[in-house]
Structures are given as C-alpha cells and as structure tokens.
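Open the model in your viewer and keep the selection tool at hand.

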Amino acid sequence: MRFPRSSLAWLVGLTLMAPLAAAADEAGAPPPAKPSSCFQVSGFENWKAADAKTIYIRVNLNRYFRLDLSSTCPQLLWPGVYLVTKWHGSNLVCSPLDWDIQVAQNPGGVMGACIVKTMTALTPEEAAAIPKAFKP
C-alpha cells in the first residue's frame, strides 16, 4: 500500500512519538483532572486550616475539598487571618495549579504565600468525618 509523502511522514512521526508519550506517563505526569473535581470560582465559600499544611474548603454549600500544601504555612494558624486568592485564566478550579493563595493577618499587612501540592474532592463520607473544629 502506498501512502502520499505527507501521510507517510505523519505515520512515521506518530510511531516515533508514541514511546515518548508512554515515557511521560510513566515519569509521573499527572492524570487529567476529572470534571467532578472542578468547581467554579464563584462557588468557593469558606475555608479552615486543620494544621499548617492542610486547608479544608467548602464549595456551593455542600462540596468539600482538602488542599494539601507543599510546605508548612504557619500563618494559617494565626488568629484573624484570611486568604487572599487570585484566579488566573478560566473560572474553573480543577487542580493545584489553579490556586494562588496568600495568607494575611490584617489589611495591608505582610502576606505569606502557601503553595498547594494536591487538591482532593472529598466524598460525602469523608466530608462528614472532618472534625467540627476544622469544617468550613
């Protein structure tokens, strides 16, 4: 069977790229975000820190997510702190890369950045198991 040159080049390129794509998957490339893990920015309602590396958030009254931070963010435990969130691009939050969080104690005060490592959508059972003191 004969292929036109452009088709043959495309087929050869595809054949050569397949092992590279497989290697990227094996190297720990994150899987695509599941649609159920996403929420609209306008749905973000409240948050509470369980410790200096864990934030629970509530979205649209009854959805909960756990944000695990890449390092400690001690400002989360200070009295009277608030989150300053900046959203870039889309109005959907689907992954840790969508978060740009800073913590401040008072308006105009020094802010500390908190980098989100993982974002986990909680099941209703997991959300119910959040201790009352940490449930947003």
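**First stop: Thr54**

Select Thr54, which sits in strand β3 (residues 54-59); helices (H or I, at least four residues) and strands (E, at least two) are DSSP runs, numbered from the N terminus. This is a predicted model, in which local features need pLDDT of at least 70 and side-chain atom pairs count only at pLDDT 80 or more, while totals for chains, interfaces and linings use all residues. Residues are numbered from 1 along each chain as its sequence is written, and side-chain values use heavy atoms, with hydrogens and water left out.

Is Thr54 buried or exposed? Thr54 counts as buried because its relative accessibility is 11%; buried means under 20% relative accessible area, exposed over 50%, and partly exposed in between (1.4 Å probe, protein chains only). Now show what surrounds Thr54: leaving aside neighbours within four places in sequence, Thr54 is in contact with Lys48, Ala49, Arg66, Leu67 and Asp68. Contact means heavy atoms within 4.5 Å.

**The whole chain**

Zoom out and colour by secondary structure. The protein has two helices and nine strands, and along the sequence they follow the pattern α-β-β-β-β-β-β-β-β-β-α. Of the 136 residues in the protein, 29% are buried. Among contacts with a separation of 6 or more, 52% are between residues 24 or more positions apart.

**The four-stranded sheet**

Select β2, β3, β4 and β9. They form an open sheet in the order β2-β3-β4-β9, with antiparallel pairing; two strands pair if DSSP finds at least two bridges between them. β2 (44-51) and β9 (116-121) stand at the edges with a single partner strand each, so one side of each has no neighbour in the sheet. The twist from one strand to the next averages 25°, where axes are lines fitted to C-alpha atoms (for helices over the stretch in contact) and angles run from 0 to 180 degrees between N-to-C directions.

Next, look at where β4 meets β9. Strand β4 (residues 63-69) is joined to β9 by five bridges, and the two run antiparallel. Which residue of β9 is the bridge partner of Leu69? The partner is Val116.

**The three-stranded sheet**

Select β5, β7 and β8. These three strands form an open sheet in the order β5-β7-β8, with antiparallel pairing. β5 (82-85) and β8 (111-114) are the edge strands, each pairing on one side only. Neighbouring strands here are turned by 35° against each other on average, direction ignored. Between β7 (residues 101-104) and β8, which run antiparallel, there are four bridges; find Ala104 and, opposite Ala104 in β8, Met111.

**Val41**

Go to Val41, in the loop between β1 (39-40) and β2. Draw a C-alpha to C-alpha distance from Val41 to Lys86: the two are 45 residues apart in sequence and 9.9 Å apart in space. Not counting residues up to four places away in sequence, Val41 touches Trp87, Asn91, Leu92 and Val93.

**Aromatic rings**

Show the aromatic side chains. Rings of Phe, Tyr and Trp (its six-membered ring) pair if their centres lie within 6.5 Å; planes under 30 degrees apart count as stacked, over 60 as edge-to-face and the rest as tilted. The count by this rule is five aromatic pairs. Phe39 and Phe65 make a tilted pair, 5.1 Å centre to centre with 50° between the planes. This pair links Phe39 in strand β1 to Phe65 in strand β4, 26 residues apart, and both Phe39 and Phe65 are buried.

Phe44 and Trp99 make an edge-to-face pair, 5.7 Å centre to centre with 80° between the planes. Phe44 lies in strand β2 and Trp99 in the loop between β6 (92-93) and β7, so the pair ties together parts 55 residues apart in sequence. Phe44 and Trp99 are buried. Select Phe39, Phe44, Phe65, Trp87 and Trp99 together: they form one aromatic cluster.

**Nonpolar cores**

A nonpolar core is a set of buried Ala, Val, Leu, Ile, Met, Phe, Trp, Tyr and Cys residues joined through side-chain atoms within 4.5 Å. The largest has 22 residues, and those with the most contacts inside it are Phe39, Trp47, Ile57, Leu76 and Trp99. β2, β3, β4, β7 and β9 each supply at least two residues of this core. Last, select Tyr56, Tyr64, Leu122 and Ile130, which are among the five residues of a second, separate core.
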